[in-house]
Amino acid sequence: MTSSEMWGRDAAERYDAEETEMTSAPVLGATVGFLAELAGDGRALEFAIGTGRVGVPLRERGVPVTGIELSEHMAAVLRRKVDEDTLPVVIGDMATTVVPGEFALVYLVYNTVSNLLTQDEQVECFRNAARHLRPGGRFVVELGVPPLRFLPPGQVAVPFDVSERHLGFDTIDPVEQILVSHHFTRDGEDGRYRRGDSRHRYAWPAELDLMARIAGLERERRVADWDGAPFTQDSPKHISVWRKSA
């Protein structure tokens with residue numbers, strides 16, 4: 001049983017509307033272009049495909065895509081966009097669920113690997129990716145760099161968004177490597193805010209490299225964004241690519 005928190009119906013229905021930046025043409029164009037190049041003429045498997053933010057446009061780009069998704073509510077939103085024959089989705093967790101066939105590409109975007117709240121489950125996720133990859137195939141993960149550099153002694157919270165309709169900050173437990181994202185979102189014009197939070201297990205890039213090695217994968221590339229900017233000590237996130245030996 002996965003430790004990932006389940007996305008309910010209300011959250012699934014709001015997801016696309018609240019993620020306007022991540023569904024914008026510049027972001028999706030770069031993301032889909034990066035993934036399509038790696039997939040080539042092969043199939044792609046998206047772990048935690050959600051509402052199909054990336055999987056649907058990647059399929060429209062001509063890449064055959066299959067998805068694994070834990071939340072039936074998120075998958076139901078995706079199904080309004082595309083039918084099962086065009087983009088199959090299996091309900092299950094990304095650490096253990098197996099779908100038929102081999103893939104040129106397995107990918108996890110937008111911090112989703114951190115939804116697995118234990119190191120063991122994250123390791124199993126890498127193993128599951130390797131299990132699905134054909135020889136020479138790639139596993140891609142998009143993940144934020146833990147914001148510990150922003151924490152002075154005695155402080156446990158880091159703001160990540162302060163805008164007119166949303167206040168967001170993370171609280172961090174550096175012993176358990178658990179980060180809780182807190183959201184205060186203004187729904188209407190009456191000034192009321194809706195509160196929500198989600199738990200994540202953060203991992204350093206080097207820790208992910210070790211997970212990949214355990215799974216039989218070798219790091220091929222690490223960049224700061226989908227446009228391929230160099231990854232530096234100041235990068236807030238990374239896109240990492242690991243390859244299964246031929």
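The strands themselves (E, at least two residues), like the helices (H or I, at least four), are DSSP runs numbered from the N terminus.

Now a word on what you are looking at. This is a predicted model, in which local features need pLDDT of at least 70 and side-chain atom pairs count only at pLDDT 80 or more, while totals for chains, interfaces and linings use all residues. Residues are numbered from 1 along each chain as its sequence is written, and side-chain values use heavy atoms, with hydrogens and water left out.

Let's begin with the sheet of 7 strands. This sheet is open, its pairing is mixed, and its order reads β3-β2-β1-β4-β5-β11-β10. Which strands stand at the edges? They are β3, residues 89–91, and β10, residues 217–223; each has a single partner strand, so one side of each is left without a neighbour in the sheet. On average, neighbouring strands here are turned by 20 degrees against each other, direction ignored. For angles like this, axes are lines fitted to C-alpha atoms, for helices over the stretch in contact, and angles between N-to-C directions run from 0 to 180 degrees.

Helix α2, residues 25–39, lies across β4 (103–108), β5, β10 and β11, and runs at about 150 degrees to β4. Helix α4, residues 72–79, lies across β2 (65–69) and β3, at about 165 degrees to β3. Contact, by the way, means heavy atoms within 4.5 Å.

Let's zoom in on strand β1, where we find Leu45. Is Leu45 buried or exposed? With a relative accessible area of 0%, Leu45 is buried. The cut-offs are these: buried means under 20% relative accessible area, exposed over 50%, and partly exposed in between, with a 1.4 Å probe and protein chains only. Setting aside residues up to four places away in sequence, Leu45 touches several others, among them Thr66, Ile68, Phe103, Tyr107 and His132. The C-alpha atoms of Leu45 and His132 are separated by 8.3 Å, although the two residues are 87 residues apart along the chain.

Phi of Ala48, however, is near 55 degrees, a positive value.

Another loop residue is Leu70, between β2 and α4. Leu70 is partly exposed, with a relative accessible area of 23%.

How many bridges join β6 and β7? There are 5, in the antiparallel sense, and the two strands form a hairpin with 3 residues between them. Val158, for instance, has Asp170 in β7 as its bridge partner. Further along, 9 bridges join β8, residues 178–186, to β9, and Leu179 stands opposite His200 in β9.

The loop between β7 (166–173) and β8 holds Gln177. Gln177 counts as buried at 19% relative accessibility, and its phi is near 60 degrees, again a positive value in a residue other than glycine.

Gln177 leads us to my last stop, Glu207, which touches Gln119, Gln177, Arg201 and Tyr202, not counting residues up to four places away in sequence. Glu207 sits in helix α6, residues 205–214, and at 15% relative accessibility counts as buried. Its side chain makes a polar contact with the side chain of Gln119, at 2.8 Å. Such a contact is a pair of N or O atoms within 3.5 Å; within protein, one must be able to donate a hydrogen and the other to accept it, and residues adjacent in sequence count only if both atoms are side-chain atoms.

Note on methods. Pairing = 2+ DSSP bridges.
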